[in-house]
Amino acid sequence: MLRAEPSLTVRRRSPSAFQSRGLDCGCRGAGGRRQFLRVAGAAGLAGLGAGLFPLRAFAADLPAVALLLSCIDYRLTTQTVNYMTRQKLTDQYDHLTLAGASLGAQTIFPFWVGTFWEEFKIALKLHPKIDRVYLLDHRDCGAYKEVFGIDFAKNPPLETRVHADELRKLKGTIIGQYPKFTASTVHMGLMDLKGNVETID
Ligand SMILES: [Zn+2]
């Protein structure tokens, strides 16, 4: 059983402290895994750890270069990871999820919109090598059904059009707010339930 150390107090920093002093997640560069191995070695566990954990379980040696926004939908968790692997970005992207993906970032609830932009901003601050964005909507999305009151799965052409509208709007806003991103570095896609992704231009 864990016991709290009575003399140790832990407080959250105020948001103003984040802004003035900056944040450091400790995950820049290749230090994460080496640090773990040093600690494990000191404890006499390095050999044991190498046998127990696959290397992918450690912090990535490569920096994050991309940011992904997708829906929360559990049906596409594996397919989304597979999609990013096909982009050759395994373990090199930050992943934001909101129900509805591009729609959730724009129109459902004001808190969601604010949260999206705060998360977007902090990802870029923590991982300044991010130079591309992936906006990934999916077909048969419950959030789109809720917001529009339409079962788009019954009308795929309409579904494509509505998703494309939301994706393009969000892409335009991202490019407008962050000049480091351009039309060619913000990618848009619409995934079906098998994991196939239709590129949206
Ligand atoms: Zn969805």
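Arg-168 sits in helix H7, which covers residues 156–177; helices here are DSSP runs of H or I with at least four residues, strands are E runs of at least two, and both are numbered from the N terminus. This is a predicted model, where local features need pLDDT of at least 70 and side-chain atom pairs count only at pLDDT 80 or more, while totals for chains, interfaces and linings use all residues. Residues are numbered from 1 along each chain as its sequence is written.

How exposed is Arg-168? It counts as partly exposed because it has 16 C-beta neighbours inside 10 Å. The scale behind that works on C-beta atoms placed from the backbone: a residue is buried with 20 or more others within 10 Å of its own, exposed with 12 or fewer, and partly exposed in between. Arg-168 also lies 8.1 Å from Asp-201, C-alpha to C-alpha, though 33 residues separate the two in sequence.

Now step back to H7 as a whole. From first C-alpha to last, its 22 residues reach 31 Å, close to the expected 32 Å (the expected span is 1.5 Å times one less than the number of residues). The buried residues of H7 are Glu-159, His-163, Glu-166, Leu-167, Leu-170 and Ile-174. They all fall on the same side of the helix, because they cover an arc of only 95° around the axis, taken from the directions from the helix axis to the C-beta atoms.

S4 is largely enclosed by the rest of the structure, since five of its six residues are buried. S3 and S4 run parallel, joined by six bridges; strands pair if DSSP finds at least two bridges between them. Along S4, Met-191 stands opposite His-138.

S4 pairs with S5 too, this time antiparallel and over four bridges, with Leu-190 opposite Glu-198 in S5. Five residues lie between the strands of this hairpin, and Gly-195 takes a positive phi near 100°.

Buried residues make up 22% of its 201 residues. Of the contacts (C-beta atoms, placed from the backbone, within 7 Å) with a separation of 6 or more, 73% link residues 24 or more positions apart.

Conventions:
Contact = placed C-beta atoms within 7 Å.
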